[in-house]
Every structure is written in structure tokens, then in C-alpha cells.
Amino acid sequence: MLLLGKSGNYDVVITEIGGTVGDIEGLPFLEAIRQFRNDIGRENVLYVHVTLIPYIKASEELKTKPTQHSVQKLREIGIEPSIILCRMDQHLTDEIRDKISLFCNVEKDAVIEERDVQTSIYEVPVQLHENKIDDLIVKYLKLEAKPIDLKQWNDMIHNCRCP
């Protein structure tokens, strides 16, 4: 779970709450971010749920039920994700995107694919940019943003791949 919010002197503060939704160890942290939204205003907080979409080889299908259950658990404690980030090793099909959107109550364009990267973890921000998560965050939090220049970042990735 990622919490993005406008706060004080900062445009955006990103907070990661790790673990599995529903585990007792994480409940105090989830309760804290639920209350945080009330403290600084609903329009200033965005919940991004990072979830695994497993691929079952035997049936050759992606399974969305674990995501549906984790979103249901989040709702039970008062947290409703605005964006669902789908960790997967397959492409996110329109059928799966529609299903997650419908059963998790998020806009279809807010179901974002995050495929496993080949070389380096530094590839993830580029992939997320290509999948337009940055545009969604700017839209939902009503931020003003300059065009993104990832040239230096892409150069760094190239240097990681070809040292």
C-alpha cells in the first residue's frame, strides 16, 4: 500500500506500508493512514494498492481473486484504493483490467500493470511512467506538473545493463 498526500511544505509525501493486508501486525499502520486522510483532507490523500496478480500455469490464467479479497479487507477498515498497481509476470489484458476495475471499484485506467523487470529495479519508474501512473497521481491530487524528462534516468539504466 502506498500513501500519497499533499502535506505542509511538500507537494507529495510517499509512504509505503508493507506486509499483507489483513495481517494483525500491519493493522496499526493501516489505521494510521486511514486517520491521516481525515486529518489532512480527503482531497489531499491518494491510496495506491500494490497487489500480486498470480499466473497459474496449469490453467493458463491470471487470478484476480486475491486482489479482490485484499481490497475488500482494506474497505473493511475504511481505506478505499484509488489506484491498483498489479504486480505480474504476464501482460495485463483488458479482460483482467475490466474485472479488477469492476470488483475493486476503481476506474479502468487506474488499474496499472507493473510487470517484472529484466535487469534492474531502476526500470520500474520508467515502466510506471509508460503506464501513466504519474498522470493519474497528478490528476487525482490536482497537482501542477512539468513535463517529465527521463533521459538521465534512462542513461543510468543503460549503464546498468551495459557497464
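At a relative accessible area of 23%, Pro54 counts as partly exposed, a class that lies between buried (under 20%) and exposed (over 50%), judged with a 1.4 Å probe on protein chains only. The model is predicted, so local features need pLDDT of at least 70 and side-chain atom pairs count only at pLDDT 80 or more, whereas totals for chains, interfaces and linings use all residues. Residues are numbered from 1 along each chain as its sequence is written, and side-chain values use heavy atoms, with hydrogens and water left out.

Pro54 is found in the loop between strand 3 (45-52) and strand 4 (55-56), where helices (H or I, at least four residues) and strands (E, at least two) are DSSP runs numbered from the N terminus. Not counting residues up to four places away in sequence, Pro54 touches Glu61, Leu62, Lys63 and Pro66, contact being heavy atoms within 4.5 Å. Its C-alpha atom is separated by 15 Å from that of Lys99, a residue 45 places away along the chain.

### Helix 2 and helix 3

Lys99 also takes part in a helix contact, in which Thr67, Gln68, Val71 and Arg75 of helix 2 meet Lys99, Ile100, Phe103 and Cys104 of helix 3. By class, this contact of helix 2 with helix 3 has four nonpolar, two polar and two charged residues (Ala, Val, Leu, Ile, Met, Phe, Trp, Tyr, Cys and Pro count as nonpolar, Asp, Glu, Lys and Arg as charged, and the others, Gly among them, as polar). Helix 2 (residues 65-76) and helix 3 (residues 94-104) pack with their axes 10 Å apart and at an angle of about 25 degrees, which makes helix 2 roughly parallel to helix 3. The axes are lines fitted to C-alpha atoms over the stretch in contact, with angles from 0 to 180 degrees between N-to-C directions; angles under 35 degrees count as roughly parallel, over 145 as roughly antiparallel, 65 to 115 as roughly perpendicular and the rest as oblique. Helix 2 passes helix 3 in a right-handed crossing, that is, with the near helix turned clockwise from the far one by less than a right angle, anticlockwise being left-handed.

Leu92, in the loop between strand 6 (83-88) and helix 3, is in contact with Arg97, Val111, Ile112 and Glu113 when its neighbours within four places in sequence are left aside. The C-alpha atoms of Leu92 and Arg115 are 8.6 Å apart in space, although these residues are 23 apart in sequence. Asn105 lies in the loop between helix 3 and strand 7 and has a phi near 60 degrees, a positive value in a residue other than glycine. Most residues other than glycine have a negative phi.

Which residues form the aromatic pair, and how are their rings arranged? A search of the whole structure finds one such pair. The rings of Tyr122 and Trp153 have their centres 6.0 Å apart and their planes at 75 degrees, so the pair is edge-to-face (Phe, Tyr and Trp rings, the six-membered one for Trp, pair if their centres lie within 6.5 Å, with planes under 30 degrees apart stacked, over 60 edge-to-face and the rest tilted). Tyr122 lies in the loop between strand 7 (111-115) and helix 4 (123-130) and Trp153 in helix 6 (residues 151-161), so the pair ties together parts that are 31 residues apart in sequence.

| Residue | Relative accessible area | Class |
|---|---|---|
| Tyr122 | 38% | partly exposed |
| Trp153 | 31% | partly exposed |
| Glu123 | 12% | buried |
| Leu92 | 8% | buried |

### Around helix 5

Lys132, in the loop between helix 4 and helix 5 (133-141), has a phi near 65 degrees, again a positive value in a residue other than glycine. Within helix 5 lies Tyr140, whose contacts, apart from neighbours within four places in sequence, are Glu43, Leu46, Ser82, Ile83, Glu107 and Ala110. Tyr140 and Asn44 are 96 residues apart in sequence, and their C-alpha atoms are 8.7 Å apart in space.
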